[in-house]
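Hi everyone, thanks for making time this morning. Let me put the chain up on the screen, and then I'll walk you through it.

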Amino acid sequence: MASSFSRRRILTTGAGAALGGLAATGTAQAATAQAAATASVPGSRTAAGAEETRSLDELYRDAVAEGGRLVIYAGGDTATQQDSTAQAFRTRFPDIDLTMIVDYSKYHDVRVDNQLATGTLVPDLVQLQTLQDFTRWKSQGKLLPYKPAGFSQLYKDFRDPQGAWTAVRVTAFSYMYGVDAVAGNAPTSPQELVDPRWKGAIASSYPHDDDAVLYLYSLYQEAYGWDWIARFAAQQPQFNRGSHTPGVAVNSGRKAIGVGGSGSLTAPSTAPTRFAVADGHPFMAWGQRAAILKKAAHPTAAKLYLNWALSAERQQGSSNGWSVRTDITPAGGLKPVWTYRNAHLDGFPRFMEDRAQVERWKQTFALYFGEVQGDPTPGFLGLHPGR
């Protein structure tokens, strides 16, 4: 999503049981020697506590030898949303047969649960917005502990201490507007979206359909009150499923303002649509988590993907200018995302863990905005997409 950076505001624009007896002692000594030898092999099970030492080319070779296949379940709004990432991976590693399946994270997570329960697991790696699933899966022993190269350079909240999951990119949600549509009179904060001049001019994704959008709206409510929510509802916003839909509505000229979508603060000032983050007003950002499933059929290929996604080259090319790594300077004059208090970076993971609270927020917003309508934008994918 296009955006700009304003000087007026800061931004306008994640040993064994003791062995008794002589024979047991000999066995233990042999096992210790074997473990020591194995630990010296980069990427081995015993060396899992250390960061990966193999290069991308070495991992690529090993992934091809493993079978040369990788299946990823990625959270998103449209079937083609991850095409650019998938194509970049295929270009870099042409002998890996990558299948990238995009669906709402809230469907992918229960799909994985069902596949594990029925012994029909399809993906090797999951990359989802449902942050609470990663802590749950870790506690259930369903994730493969693994620390990619550069793990120690990740921001502390963008990595699990044992390597059960890592965040691979930063995503931010706020509001956006069409430069021509607002005719030099753009809202300078979310609070101004209830101005009568924007009645009928706003598109939004349903907050009670997407938990990240839900969190954004909860921040608006906490900052401005329930009266603001009622006044926003009276603006007759056009709600749709999928956090991409506000941007589609603004880019097409159908609406002047979009709420509850992602964007970038580093796009050229000439861009027709601007993603806005107002100084002193809430927006939300998080690290999209990824993890290798312990029962993955192609764990080496999954490790290759994580190392590639977290490489300096990929992180420096982030579409919104922010990186999950502390050793990479954000683009476009931005500061690291974790320095913006109004991004509520630490609040979203806590919010996602409290599922009872999430349900109360959803049902309350349904009272203001009506029930969610429409088919899921990625389509209906069933139980085993990608098999």
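Predicted model: local features only at pLDDT ≥ 70, side-chain atom pairs only at ≥ 80, totals over all residues.

One definition before we start: two strands pair if DSSP finds at least two bridges between them.

Residues are numbered from 1 along each chain as its sequence is written, and side-chain values use heavy atoms, with hydrogens and water left out.

So, the overview. The protein chain has 13 helices and nine strands. Of its 387 residues, 52% are buried, where buried means under 20% relative accessible area, exposed means over 50%, and partly exposed lies in between (1.4 Å probe, protein chains only).

Now please look at strand S4, residues 166–178. Which strands does S4 pair with? With S9 it pairs in the antiparallel sense over seven bridges, and there Val170 has Gly287 of S9 as its bridge partner. S4 is also antiparallel to strand S7, residues 257–262, over five bridges, with Met176 standing opposite Gly258 in S7. Then four bridges join S4 to S8, residues 273–276, again antiparallel, and Gly178 has Thr273 of S8 as its bridge partner. Twelve of the 13 residues of S4 are buried, so the strand is largely enclosed by the rest of the structure.

On to the inside. A nonpolar core here is a set of buried Ala, Val, Leu, Ile, Met, Phe, Trp, Tyr and Cys residues joined through side-chain atoms within 4.5 Å. The largest one has 47 residues, and Leu70, Phe89, Leu304, Tyr305 and Trp322 have the most contacts inside it. Among the elements that each supply at least two residues of this core are S4, S9 and helix H10 (299–309). H10 gives the most, with seven residues. Apart from this core lies another, of 37 residues, including Ile202 and Phe369.

Finally, a quick stop at helix H13, residues 355–369, where we find Leu367. Is Leu367 buried or exposed? Leu367 counts as exposed, because its relative accessibility is 74%.

That's my tour; happy to turn the model around for anyone.
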